[in-house]
Amino acid sequence: MPVHFASASDVSRRRDSMQDTVDVRSLPKADAVLLTVADGMGGAAAGDVASRLAVEAAAAFLEERAAPEQDHDAVAVLLQEAVSVANAAVRADVEQNPSRAGMGTTLVLAWVEEGWVTIANVGDSRAYLWHEDELRQVSEDHSYVEERVRAGRLTREEARIHPYRNVITRVIGTQDGVEADIITRSLAVGGLVLLATDGLHGPVDDAAIATLLHGADLEALAQGLVAAANQAGGPDNIGVAIARSEA
Ligand code: CA
């Protein structure tokens with residue numbers, strides 16, 4: 001398997017419950033790696049239920065549907081279906097447990113094969129690609145502030161400290177249908193895919209993240225990202241998953 005992977009998560013310095021869920025696994029039938037990160041929301045422990053259900057449902061679906069020789073168009077369709085399956089799983093749980101009404105979660109999936117990656121995104125967790133010092137965010141945040149940045153109404157700097165920076169505009173679990181953004185990119189040898197919740201990309205800016213992605217040991221890189229988020233105040237749960245295409 002030429003794609004290696006690692007993950008790390010932490011409740012953070014400032015929070016006392018964990019609502020992020022991170023999953024990394026190989027899909028041997030497809031010779032692929034699946035990274036999944038979700039950031040749950042909803043009071044009374046519901047956020048952790050939402051993120052866990054969404055991740056488990058999506059990953060189980062993709063594991064079952066993985067097969068040899070799927071091109072990225074086929075994978076794009078599968079990822080969109082996986083997001084729908086995750087949404088249905090959270091909705092079904094709310095029906096059984098009305099006290100959890102309103103719970104939801106972000107969800108970002110990355111299907112990584114040698115040479116390419118396809119990403120599905122709902123919410124404001126992020127997918128980045130890193131190669132030779134350069135970090136690029138490839139997902140688009142579904143958030144109030146990001147929509148205003150794109151419309152030219154806020155600068156990136158203003159968005160980072162805006163009081164509504166946590167308001168997300170697309171989410172898994174709060175309505176019957178949900179559509180993910182699907183993005184496919186080529187992945188160079190030595191290139192990294194990073195998925196992260198806002199517990200990382202809130203307190204740690206992209207330039208700092210880029211410098212933390214040097215090094216051979218992926219486990220150490222993942223732990224280093226979590227440590228940096230905590231050193232920057234650790235305001236929120238931190239979840240990261242990384243994969244690297246290796247020679
Ligand atoms: Ca969060």
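Modeller: Contact here means heavy atoms within 4.5 Å. This is a predicted model, in which local features need pLDDT of at least 70 and side-chain atom pairs count only at pLDDT 80 or more, while totals for chains, interfaces and linings use all residues. Residues are numbered from 1 along each chain as its sequence is written, and side-chain values use heavy atoms, with hydrogens and water left out.

Biologist: Which residues does A58 touch, not counting residues up to four places away in sequence?

Modeller: A58 touches A82, A86, L107 and L109. Between A58 and A86 the C-alpha to C-alpha distance is 5.3 Å, although 28 residues separate them in sequence.

Biologist: Is A58 buried or exposed?

Modeller: Buried means under 20% relative accessible area, exposed over 50%, and partly exposed in between (1.4 Å probe, protein chains only). A58 has a relative accessible area of 0%, so it is buried. Its place is in helix α1; helices (H or I, at least four residues) and strands (E, at least two) are DSSP runs, numbered from the N terminus.

Biologist: How is a pair of packed helices described?

Modeller: Two packed helices are described by the angle between their axes and the distance between the axes. Here the axes of α1 (residues 46-65) and α2 (residues 72-96) come within 8 Å and cross at roughly 140 degrees. Axes are lines fitted to C-alpha atoms, for helices over the stretch in contact, with angles from 0 to 180 degrees between N-to-C directions.

Biologist: Which residues of α1 and α2 meet?

Modeller: In α1, residues including V49, L53, A57, F61 and R65 meet residues of α2, among them L78, E81, V85, A89 and D93.

Biologist: Where is E69 found, and is it buried or exposed?

Modeller: E69 is found in the loop between α1 and α2. Its relative accessibility is 81%, so E69 counts as exposed. The phi of E69 is near 65 degrees, a positive value in a residue other than glycine.

Biologist: Where does D133 lie, and what is its phi?

Modeller: D133 lies in the loop between β7 (126-131) and β8 (134-137). Its phi is positive, about 80 degrees, although D133 is not a glycine. With a relative accessible area of 47%, D133 is partly exposed.

Biologist: Which residues coordinate the calcium ion?

Modeller: The calcium ion is coordinated by D39 (OD), D39 (OD), D198 (OD) and D236 (OD), at 2.3 to 3.1 Å. D198 lies in helix α5 (residues 198-201) and D236 in the loop between α7 (218-231) and β11 (238-245), so this pair ties together parts 38 residues apart in sequence. Donors are N, O and S atoms within 2.8 Å of the metal (3.2 Å for Na, K and Ca); water is not among the atoms, so sites may look incomplete. Along the chain, the donors follow the spacing D-x158-D-x37-D. D198 counts as buried at 13% relative accessibility, and D236 counts as buried at 15%.
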